[in-house]
Amino acid sequence: MLEVTNLCKSFESGFWRNKKVNAVDDISFQICEGEIFGLIGGSGCGKTTTSRMIMGFLKPDSGSIRYNGRELSTMKKNEWLKMRRDIQIVFQNPQMTFNPRSTVYNCCAEPIRLFHLAKSREEERSRVYEMLDSVGVSRDQSNKYPHEISGGQAQRLSIVRALSVNPKLLICDEPTSMLDVSVQAQVIALIKEKQMEKGISILYVSHDLDVIKAVCQRVAVMNNGKIVEMGSADEIFNRPKHSYTQQLMSSAI
Ligand SMILES: Nc1ncnc2c1ncn2[C@@H]1O[C@H](COP(=O)(O)OP(=O)(O)OP(=O)(O)O)[C@@H](O)[C@H]1O
Ligand SMILES: [Mg+2]
């Protein structure tokens, strides 16, 4: 379904913009239909840069990103807009996903309006209420602003909102790293439940080994912009081959 080949992206950094950071350095991986694929690695190894390139927020320097055989990295904006529905993202900070000046209701209604998914105001309202109900957020919270609901509630809403347009691929970039442990478990359970229900593919990005272990079927380990090892979750966690993977495992214990 998604085929990333020899993808590269570098940034200029430093005060004089005189240093080059190879944020993503020649990585290749594939995600099959219905699969949960994990991308794991320490801070700054290039996970978010990879997600942003797949989402079309950043242009790669070189390499290809193919979605169902179609090249995304060179796609024109209007073609992209048609594809946008198929690939959705859930960010680390749920408050960042929502417009701080919109009510929770309007935030949830945004994709419904953007993709003309409701024929009337009533239908829109019932779809928004369905979203709130499905994650146990009471309907009277819908008049609040995003910062007035809890981080866990906001993240659960951002997940069902992303899923409301029936995407084929969901990118989850550290969706639980800003939540406390009990809420993390709820959010992970929600992602797994929705993945089973809808059979979508997921690119799950995290630096947390336990989360990746609980969620993913196949895993790629990233370090300094490169994928150093890739395999089934069982292989990576029980028989890690690369020294960096072994180091990650031992530092987690
Ligand atoms: N817009 C940018 N300009 C300059 N450098 C950037 C930019 N975005 C990312 N980088 C650099 O690219 C590298 C990879 O960053 P990235 O955000 O992809 O890492 P990450 O794996 O998502 O880290 P984390 O786990 O902390 O979220 C880092 O060295 C970062 O400083
Ligand atoms: Mg990141």
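Strand β1 and strand β4 (residues 62–67) run antiparallel and are joined by five bridges, where helices (H or I, at least four residues) and strands (E, at least two) are DSSP runs numbered from the N terminus, and two strands pair if DSSP finds at least two bridges between them. Within this pairing, T5 stands opposite S64 in β4. The two strands belong to an open sheet of four, ordered β2-β1-β4-β5 with antiparallel pairing. Its edges are β2 and β5 (70–71), each of which pairs on one side only.

The model is predicted, so local features need pLDDT of at least 70 and side-chain atom pairs count only at pLDDT 80 or more, whereas totals for chains, interfaces and linings use all residues. Residues are numbered from 1 along each chain as its sequence is written, while chains are lettered from A and ligands numbered from 1 in the order in which they are written.

Across β1, β2 and β4 lies helix α1, running at about 65° to β2; contact here requires C-beta atoms, placed from the backbone, within 7 Å, and the angle, on a scale from 0 to 180 degrees between N-to-C directions, is taken between lines fitted to C-alpha atoms, for helices over the stretch in contact. Seven of the eight residues of α1 are buried, so the helix is largely enclosed by the rest of the structure; a residue is buried if 20 or more other C-beta atoms, placed from the backbone, lie within 10 Å of its own, exposed if 12 or fewer, and partly exposed in between. Among the buried residues are K47, T48 and M53. Just after α1, G56 takes a positive phi of about 80°.

In total 13 residues surround ligand 1, the closest being F11, A23, S43, T48 and T49, where a residue is counted if its C-beta atom, placed from the backbone, lies within 6 Å.

E174, in the loop between β7 (169–173) and α7 (181–198), has a positive phi of about 50° although it is not a glycine. N224, in the loop between β9 and β10 (226–232), likewise has a positive phi, near 50°. Most residues other than glycine have a negative phi.

How values were computed: Contact = placed C-beta atoms within 7 Å.
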